[in-house]
Amino acid sequence: MITRISKWLSVALAIMGLVHIGATFTPVISGKLATLNEAAQQAFVYMSLMCGALLVLGGMLAFLLADEVKEHVFLCKPYWLILTFLAVDGVLALVSMPHNPCAWAIFVLSVPLFVMNFLHR
């Protein structure tokens, strides 16, 4: 049951990463960059894309490792590293953007994923 929920949360985090990447090129994000100079715009786009990529990669890896951790003990450390990074990302997203619903979604997906696996190990 825990593995199944972990996989769903992981997929949802990967989807949130894709949404984040897509939002980078919509007026939600890019429209607000017009006041910045070109170098700052490019830096912000890069940071936004990498935040989305972290969620996609972390979510996909957590999904792929959720089943394998039970059979292969050596995968526990990489799995915990991924879950920790996702949880830190979720907490920092919420601290940095408390009025952003996407930050709340990332927090609500990543922290329970970490806590649930921590309590179940």
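**Aromatic rings and a helix**

Reply: This is a predicted model. W80 counts as buried because its relative accessibility is 17%, and buried means under 20%.

Me: How many aromatic pairs does the count come to?

Reply: The count comes to 5 aromatic pairs. One of them is W80 with F114, an edge-to-face pair with 5.5 Å centre to centre and 90 degrees between the planes. The pair links distant parts of the chain, since W80 is in helix α3 and F114 is in helix α4, 34 residues apart.

Me: Does F114 count as buried or partly exposed?

Reply: Partly exposed, because F114 has 24% relative accessibility.

Me: ok, and why is the pair of W104 and F107 edge-to-face?

Reply: Their planes are at 80 degrees, with the ring centres 6.2 Å apart, so the pair is edge-to-face; the cut-off for that is over 60 degrees. W104 and F107 are 3 residues apart in helix α4, which means about one helical turn separates them.

Me: Which residues form one aromatic cluster?

Reply: Y79, W80, F114 and F118.

Me: Switching to helix α3. What should its 21 residues span?

Reply: At 1.5 Å a residue, helix α3 (residues 76-96) should span 30 Å, and its end C-alpha atoms are 30 Å apart, so the two agree.

Me: What covers the buried residues of α3?

Reply: The cover includes α1 (2-24), α2 (38-71) and α4 (101-120). Among the buried residues of α3 are Y79, I82, L86 and G90.

Me: Last one: where does the charged end of K7 sit?

Reply: Over the ring of F63, 4.4 Å from the ring's centre.

Conventions:
Residues numbered from 1 in each chain as written. Predicted model: local features only at pLDDT ≥ 70, side-chain atom pairs only at ≥ 80, totals over all residues. Heavy atoms only, no water. Helix = DSSP H or I, 4+ residues; strand = E, 2+ residues; numbered from the N terminus. Expected span 1.5 Å × (residues − 1). Buried < 20%, exposed > 50% of the residue type's maximum accessible area, 1.4 Å probe, protein only. Contact = heavy atoms within 4.5 Å. Phe/Tyr/Trp six-rings, centres within 6.5 Å; stacked < 30°, edge-to-face > 60°. Lys NZ or Arg CZ within 6 Å of the ring centre and 35° of its normal.
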